[in-house]
Amino acid sequence: MKAEGLAARPPMGWNSWNTFGPHINERLIFETADRMVDEGYLEAGYEYLVIDDCWSLKERDANGRLVADPEKFPHGMKAVAAYVHAKGLKFGMYSCAGTLTCAGYPASFDHEFIDAETFAEWGVDFLKYDFCYFPRTADCKTHYRRIAMALKACRRPILLSACNWGVEEPWTWMQGAGAQMYRSTGDINESFRSIMDIADSQEPNLAYNGPYCWNDMDMLVVGMYGKGNVAFTGGCTDAEYRTHFGLWCLFSVPLMMGADLRDLRAESKALLLNKELIAIDQDPEARAPYRLWDEKDGRRSYCKHLSDGTYVLAYFNPSEQDAQVNSNFEDAGLQFSAGYALELTDVFTGEVIRRTEYYNPIVPSHDCRIYKARLVRR
Ligand code: GAL
């Protein structure tokens, strides 16, 4: 176990579920691993490659062990892990606290220790641990503590990505149970509504989010454009992806990509690789942003403190019209008489502007404006 612990920063990676659902196999994993390295995702911080549900046979073997489906993974999971590791990536897999996974495959209820051993033998570095088919008479907290303990017993650093969809307010106890992240909502789907609902529901819980245990607002839908397993509502626009990725980064939560990396449009790739936004997400202090201003139609501006003494000022317009989004710097603590202005650098365009007292940009419908802000003498 690394002395400094796992997940000092929000975990970043790719997960198979959003696009591929049950249609997974080793070729997809190998090709995704290649892309993650060749196209700069690993370098940008995306290090975990995670296989979600539907990877196993429907029965355990004679020793009670989980078995990888030999049609989907003919070389076995150890070989998949070895390929992923050889690329410099970390390897993630999936099981569930209930008796079956959500898609009906065997899961780890009362098999926690033996399954953790199997994952450790295969070389797993990350375990997403879901909550379907969890017996009503069993205690949720006990079973998440148990899998955390079973993983630790393996003496291999395996990140526990708990996924109980917010049941029993995991932000208040999952950190203590030993997990490194916890899914706090039901499943995302590729729609602007789903993105905003998740962000709005988790904003009040961000004070619990921080180093070594992160609020997982679900895998990203950036770049899916209506294609794939959770893209059943027609897809999102580039402006909506900016808002989605911008909110996740502003909130300092895990960034797990969900699109097909072998077929990603340049705009989405640039967004997912935006260095400024990733640095905001990964800021060591992971402070929650607070609202400077908001309106009933969802328009809002935020300020977030960063560890290097700068700030983020972010303006979102989820309303249906292009409209002004306001901010009065007084509400961030900046008194006019103090003699400072804010120098704002647009994280998307690099444009630099200087403002005193307030900034009220016009933001297109469903889009955002995000700036790194620095105090400068007036
Ligand atoms: C859901 C989970 C999804 C995905 C799916 C697999 O419960 O929230 O992220 O893992 O199960 O069946």
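Which residues in α2 meet which residues in α4? I looked this up to start. E26, I29, F30, A33 and D34 of α2 meet G76, V80, Y83 and V84 of α4. Contact here means heavy atoms within 4.5 Å.

Before going on, I noted the ground rules. The model is predicted, so I kept local features to pLDDT of at least 70 and side-chain atom pairs to pLDDT 80 or more, while totals for chains, interfaces and linings use all residues. Residues are numbered from 1 along each chain as its sequence is written, and side-chain values use heavy atoms, with hydrogens and water left out.

**Entry: α2 and α4**

I took helix α2 as residues 26-38 and helix α4 as residues 76-86. Helices are DSSP runs (H or I, at least four residues), numbered from the N terminus. The two pack at an angle of about 10°, with their axes 10 Å apart. Axes are lines fitted to C-alpha atoms over the stretch in contact, and angles run from 0 to 180 degrees between N-to-C directions. α2 is therefore roughly parallel to α4 (under 35 degrees counts as roughly parallel, over 145 as roughly antiparallel, 65 to 115 as roughly perpendicular, the rest as oblique). By class, I found 6 nonpolar, 1 polar and 2 charged residues in this contact. Ala, Val, Leu, Ile, Met, Phe, Trp, Tyr, Cys and Pro count as nonpolar, Asp, Glu, Lys and Arg as charged, and the others, Gly among them, as polar.

**Entry: α5 and α6**

Next I checked helix α5 (residues 112-122) against helix α6 (residues 140-153). Their axes are 8 Å apart, at an angle of about 40°. That makes α5 oblique to α6. The crossing is right-handed: the near helix is turned clockwise from the far one by less than a right angle. E112, F113 and A116 of α5 meet H143, R146, I147, M149, A150, L151 and A153 of α6. I sorted these residues into 7 nonpolar, 1 polar and 2 charged.

**Entry: ligand**

I then turned to the ligand. A side-chain N or O atom of K128 is 2.8 Å from a ligand oxygen atom. For D130, a polar side-chain atom lies 2.8 Å from an oxygen atom of the ligand. For R183, the distance from a side-chain N or O atom to a ligand oxygen is 3.0 Å.

Notes:
Polar contact = N/O pair within 3.5 Å; in protein donor to acceptor, adjacent residues only side chain to side chain.
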